[in-house]
Amino acid sequence: MASLITAAVVVPLSAAARPEIPAPLPAALPKPTAANLEGIYAANRANASAAARMAAAHGDTHRAAADRELAASSRHLLAFDGRGDGTATEVFGDLAHADHVAVLVPGSDTSLDTYPRFRATAEALRRQLTRTAPRGTGTAVVAWLGYRTPDTISTTVLTADRADEAAPHLRAFIRRLHGVVGRDTTVSLVCHSYGTVVCARAASHLDIDDLALVGSPGTGADTAADLHTPARVWAARGKDDWVAEVPHVRTDLFGVTVGFGTDPLSPAYGARVFAAGEGGHSDYFSPGSVSLSNLARIVLGDTAEVTRA
């Protein structure tokens with residue numbers, strides 16, 4: 001833990017010197033409903049297009065290209081903000097008619113500049129759901145990049161500060177989501193890496209059916225019961241995931257609480273531990289993987305079919 005803190009303090013970050021990327025204010029939109037989704041998607045695409053033009057004028061060709069991709073006519077953006085590192089919420093599938101919805105929450109180093117890899121995880125889960133759902137069952141996946149994620153090499157990744165900032169936004173989003181989907185629609189939260197800390201911070205105020213924690217460094221809670229959620233709490237870690245080497249401690253250093261405590265895979269935590277196969281930290285959504293198959297079963301409510309670790 002001490003070495004991680006030292007590295008975070010002394011290793012220079014190129015991103016720290018990057019000028020602020022100009023972008024328009026987020027589009028002013030009504031509360032989403034099943035009836036107005038297409039209009040919301042269109043307004044956010046227009047905002048992303050404007051952001052692309054501003055980024056290009058600023059000389060940031062990489063961000064301009066990322067914004068242009070998000071502005072494509074095929075994209076379904078529930079939210080978009082191109083300022084700074086940027087945030088976006090994208091829908092895969094027919095959200096208004098879905099029987100089962102999965103919301104993905106990413107971990108560190110996720111921004112509009114790295115968004116394609118996060119999008120790829122959502123697409124992989126959506127394809128798996130489509131393949132395995134019973135005929136006539138509607139599914140949708142939502143990629144929620146709704147917070148400033150920490151850098152992997154930084155002090156922020158060792159504390160819950162960014163998660164505390166993010167939690168109210170995640171709660172608000174889940175409330176809005178329920179205004180779109182039907183009352184009988186199940187909602188599962190699938191959280192990766194530092195995203196598990198975000199989900200844990202928000203859990204007690206979320207109306208969800210399942211909470212899946214993958215590649216978690218800990219959640220800041222000693223037990224699943226401390227999350228105060230009626231949702232089923234699941235946890236998994238691939239055998240080659242480096243996060244297994246992260247010390248599962250929580251301590252005060254120089255007046256700052258660092259670390260996230262109990263390993264969610266430990267019996268003491270009390271989560272439902274499921275198999276994730278041999279994969280590493282970035283492999284939970286790899287096509288054909290054990291972890292992806294089990295995540296789809298969790299989202300679809302096929303809990304008896306989930307293979308245990």
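This briefing describes aromatic pairs in a predicted model. Local features require pLDDT of at least 70 and side-chain atom pairs count only at pLDDT 80 or more, whereas totals for chains, interfaces and linings use all residues. Residues are numbered from 1 along each chain as its sequence is written, and side-chain values use heavy atoms, with hydrogens and water left out.

**Tyr-194 and Phe-260**

- The ring centres of Tyr-194 and Phe-260 are 6.0 Å apart and the planes stand at 80 degrees, so this pair is edge-to-face.
- Tyr-194 lies in the loop between β5 (186-192) and α6 (195-202) and Phe-260 in the loop between β9 (256-258) and β10 (272-273), so the pair ties together parts 66 residues apart in sequence.
- Helices (H or I, at least four residues) and strands (E, at least two) are DSSP runs numbered from the N terminus.
- Tyr-194 is buried, at 2% relative accessible area, and Phe-260 is buried at 6%; buried means under 20%, exposed over 50% and partly exposed in between (1.4 Å probe, protein chains only).

**Trp-234 and Phe-274**

- Trp-234 and Phe-274 have ring centres 6.3 Å apart and planes at 75 degrees, so they form an edge-to-face pair.
- Trp-234 belongs to strand β7 (residues 232-236) and Phe-274 to the loop between β10 and α7 (290-300), so the pair ties together parts 40 residues apart in sequence.
- Trp-234 is buried, with a relative accessible area of 0%, and Phe-274 is buried at 1%.

**A charge over a ring**

- Arg-272 lies over the face of Trp-234, 5.4 Å from the ring centre (the criterion is NZ of Lys or CZ of Arg within 6 Å of the ring centre and within 35 degrees of the ring normal).

Conventions: Rings of Phe, Tyr and Trp (its six-membered ring) pair if their centres lie within 6.5 Å; planes under 30 degrees apart count as stacked, over 60 as edge-to-face and the rest as tilted.
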